[in-house]
Amino acid sequence: MKRRVICAGVEWLGVVDWNRRLFDALIPLPDGTSYNAYLVRGTEKTALLDTVDPPMTDQLLRQLEDVPRIDYLVSHHAEQDHSGAIPTILRKYPEAQLLCSPKAKPLLVDHLDLPPERILTVEDGQELSLGGKTLRFLHTPWVHWPETMCTYLPEDQILFSCDFFGSHLATSQLYAGEDPEVLQAAKRYYAEIMMPFRKIVAKNIEKVRPLELKYIAPSHGPIYDRPGQIIAAYQQWVSDRVSNFALVLYVSMHGSTELMVNYLVAALADRGVRVQKYELSSTDIGKLAMDLVDAATLVVGTPTVHGGPHPVVFAATNLAKALRPKLKYVAIIGSYGWGGKEPEQIRELIPNLQGELLDTVFCKGLPRQETFSALDGLAERIAQKHAALQDVSPQKEHVRL
């Protein structure tokens, strides 16, 4: 794509990556992504904000063919999908000075082998005049690395937010408008990347919320031309509120665990608890992460393999632990064949998830009436615990963009 004008002196550059389906060898990208960079031209100086993923460098260079000079190259985040083309840009524009936060400088040197003398660090709140355009740098650590920052352009009321408020979404549209798909993509992005740093993200929201904003321009996904809506959505996601909502993650080798899961799902639904089950051998972990944003309870269903939880269950619960969701309650159910460890020992082998452990229900072979009775008791406990919470259902949390 060619450069696209946001307002006088400010343009979008970058690449829409329609075909990418995996990020960091882990995160599914069902809708592709984009790598956004921005060109800001004042009457005296020109700045390029961020670059693109290294394989896409040639496309960025084509967009810059008629730009004779860049005085400043701003790196908001050292990860390569934003910084990977920096070495090429610095070679093309030998007069350009690279600007970043103090914590970013050693990372850029280490990751990209950049000459330290080309890098200047900027302090939180520091301003740089381009002539009629002012870049104000705002340190926003842990969205989602320790060195990340944003840039605010007060003359045009634009926040260049890098990963903050981003969305993995390939689209030809420059602006989010009122497209609900953007909110879903932004929620997936938050769940997969920002949720582990929820408390710090909340502080950074408060830092940028007082700014007068016409646009939030992230480094992935479309630009928010209704910035209040994405800020409001983030405030909901980082809050301590959970929903009357239970997730059941499971694997079943010979059907016994699945019988238990299906019974529990029905028992929860009968008691007015919204429930979603995920069979882990075919689960989109991004969708699972999105549901962890809202869930009050996580139920883990596992058969035993050599005396421990199924390896797929272990991997999924370990990932859930890393995401640090605001779960209130956890339960473990499952089955074993000819033998196995006691339920307490199996519980100890599953990664420690934050939340009160409500129960552990295991059976040998096929579940029988006593197992189903125990599952009824678990469903009742979950329903009672949820009734005591202030319910904010996911359906009620929809925010229009």
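Aspartate 284 is partly exposed, because its relative accessible area is 28%, and partly exposed here means between the two cut-offs: buried is under 20% relative accessible area and exposed is over 50%, with a 1.4 Å probe and protein chains only. Please keep in mind that this is a predicted model, where local features need pLDDT of at least 70, side-chain atom pairs count only at pLDDT 80 or more, and totals for chains, interfaces and linings use all residues. Residues are numbered from 1 along each chain as its sequence is written, and side-chain values use heavy atoms, with hydrogens and water left out.

So who is the partner of aspartate 284 in a salt bridge? That is arginine 188, with the closest N and O atoms 2.9 Å apart. By salt bridge I mean a side-chain nitrogen of Lys or Arg within 4 Å of a carboxyl oxygen of Asp or Glu. Arginine 188 sits in helix α5 and aspartate 284 in the loop between β16 (274–279) and α9 (285–292), so this pair ties together parts that are 96 residues apart in sequence. Helices (H or I, at least four residues) and strands (E, at least two) are DSSP runs, numbered from the N terminus. Arginine 188 counts as buried, at 12% relative accessibility.

By this rule the salt bridge count comes to 20. Another one joins aspartate 66 and arginine 3, at 2.7 Å from N to O. That pair links distant parts of the chain, 63 residues apart: aspartate 66 is in the loop between α1 and β7, and arginine 3 is in the segment before β1 (4–7). Aspartate 66 is exposed, with a relative accessible area of 54%.

Then there is lysine 133 with aspartate 156, whose closest N and O atoms are 2.5 Å apart. Lysine 133 is in the loop between β10 and β11, and aspartate 156 in the loop between β12 and β13, so parts 23 residues apart in sequence are tied together. Both ends are buried: lysine 133 has a relative accessible area of 10%, and aspartate 156 is at 15%.

Now for a charged residue without such a partner. Glutamate 79 is buried yet has no salt bridge, and the nearest side chain of opposite charge, arginine 20, is 8.1 Å away. For charge, Lys and Arg count as positive and Asp and Glu as negative, while His and the chain ends are not counted. What do you find at the side chain of glutamate 79 instead? There is a polar contact of 3.0 Å to the side chain of histidine 77, and one of 3.1 Å to the side chain of histidine 144. A polar contact is a pair of N or O atoms within 3.5 Å; within protein, one must be able to donate a hydrogen and the other to accept it, and residues adjacent in sequence count only if both atoms are side-chain atoms.

Histidine 144 deserves a look of its own. Histidine 144 is placed in the loop between β11 and β12 (149–153).

Aspartate 50 has a phi of about 70° and is in the loop between β6 (46–49) and α1 (57–63). Cysteine 162 has a phi of about 55° and belongs to strand β13. Aspartate 50 counts as buried at 3% relative accessibility, and cysteine 162 is buried too, with a relative accessible area of 3%.
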